[in-house]
Amino acid sequence: MKKFRPVWTALLVILGLVALAGGYLHHRTIAVLQPAGEIGTKERNLIIACLLLSTIVVVPVFILLFTIAWRYREGNTRATYTPDQDGSRALETVWWLIPAALLVVISTITWRSSYALDPYKQIDTDRPTLHIQVVAMDWKWLFIYPHENIARVNAVDVPVGTPVEFDITSDTVMTSFWAPALGGQMYAMPGMSTHLNLVADKAGDYSGVAANISGKGFADMKFTVHALPPEAYGDWLRAMHHVPQHLTTAEYNKLTKPGVITQPTEAKHGYSSVQPYLYDTIMMKYMTPDVTSVNQTSQQKLIVPTHTGDSS
């Protein structure tokens, strides 16, 4: 029994670490593993599938590592000396063929899912798509509803079950837009417009973050996705049209000043109207700054194409 004591000790340590990790994570929410939308669910399933396939290689490798280290240690004089196994075709075939086959499977899954989960691909549904424009700033998020002519800061409301297409740009350095419970992230870059299609299948509030460092305040550059039942979403839209603030050019220029908004409210950080073509103006000013700068247009109505095309 004594000769197996190190083995049992190692197993107890491993089980103890697993128990501690399980206890720590039991009452905590991991948004990526607890999705609330179709895209997030597919991405979660993809992560789990690749993880399980990887364990087919990883687990045996670690078992063999400790087994060989223990069996062929210097103090074990009873270990069988088998130099003839060096270069064995049978063994070489096993430990090269199995990983190669798994790589083929994982590569196929990744290739197919890359097309199926293309963030630019619109979600297949009978419901009309809701378009929302997203502008990253230092260090806050502006959400513009172009068809409803309203806007919010650090909060975005969407109806449950309705596909949402986000047009994303930045009025500062490059950062990344990510709502973990709903799906993958997408970069926000000045002078470019990227796109991300998501849908919320459950009502609730879901956290979003800036997933790319953009300065000292980026850790607080957070937003909340409020997924509302269709009736509640309609009530929210009507309420937003009575908010006293208006997102004029002058108001936007104040908003772009570096700062953090930790508790956004509709009364203080909502807008019942938006300067026409504001999103296009913000994006285009980095492409033709002498003509389309937000600071230069003042209160003018800038007319530029609504769709600028994909620049990324």
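His-195 is buried (under 20% relative accessible area, where over 50% is exposed and anything in between partly exposed, with a 1.4 Å probe and protein chains only), at a relative accessible area of 9%. The residue belongs to strand S8 (residues 194–198); helices (H or I, at least four residues) and strands (E, at least two) are DSSP runs, numbered from the N terminus. The side chains of His-195 and Asp-167 meet in a polar contact of 2.6 Å. Such a contact is a pair of N or O atoms within 3.5 Å; within protein, one must be able to donate a hydrogen and the other to accept it, and residues adjacent in sequence count only if both atoms are side-chain atoms.

This is a predicted model, in which local features need pLDDT of at least 70 and side-chain atom pairs count only at pLDDT 80 or more, while totals for chains, interfaces and linings use all residues. Residues are numbered from 1 along each chain as its sequence is written, and side-chain values use heavy atoms, with hydrogens and water left out.

**Aromatic pairs**

- Rings of Phe, Tyr and Trp (its six-membered ring) pair if their centres lie within 6.5 Å; planes under 30 degrees apart are stacked, over 60 edge-to-face and the rest tilted.
- The count by this rule is nine aromatic pairs.
- One of them is edge-to-face: Trp-111 and Tyr-115, at 5.8 Å centre to centre and 75° between the planes.
- Both residues of that pair, Trp-111 and Tyr-115, sit in helix H3 (residues 89–116), four residues apart, about one turn of the helix.
- Trp-111 is exposed at 56% relative accessibility, and Tyr-115 is exposed at 57%.
- Phe-177 and Phe-223 are stacked, because their ring centres are 4.8 Å apart and their planes at 5°.
- Since Phe-177 lies in strand S6 (residues 175–178) and Phe-223 in strand S10 (residues 222–228), this pair ties together parts 46 residues apart in sequence.
- Phe-177 is buried at 1% relative accessibility, as is Phe-223 at 2%.
- Ring pairs also link Phe-177 and Phe-223 into a cluster with Trp-141, Phe-143 and Phe-166.

**Strand partners of S6**

- Two strands pair if DSSP finds at least two bridges between them.
- S6 pairs with strand S7 (residues 186–188) in the antiparallel sense over three bridges, and Thr-175 has Ala-188 in S7 as its bridge partner.
- S6 also runs antiparallel to strand S9 (residues 204–210), joined by two bridges, with Phe-177 opposite Ala-210.

**Charge over a ring**

- Arg-73 lies over the face of Trp-70, 3.9 Å from the ring centre; the rule asks for NZ of Lys or CZ of Arg within 6 Å of the ring centre and within 35 degrees of the ring normal.
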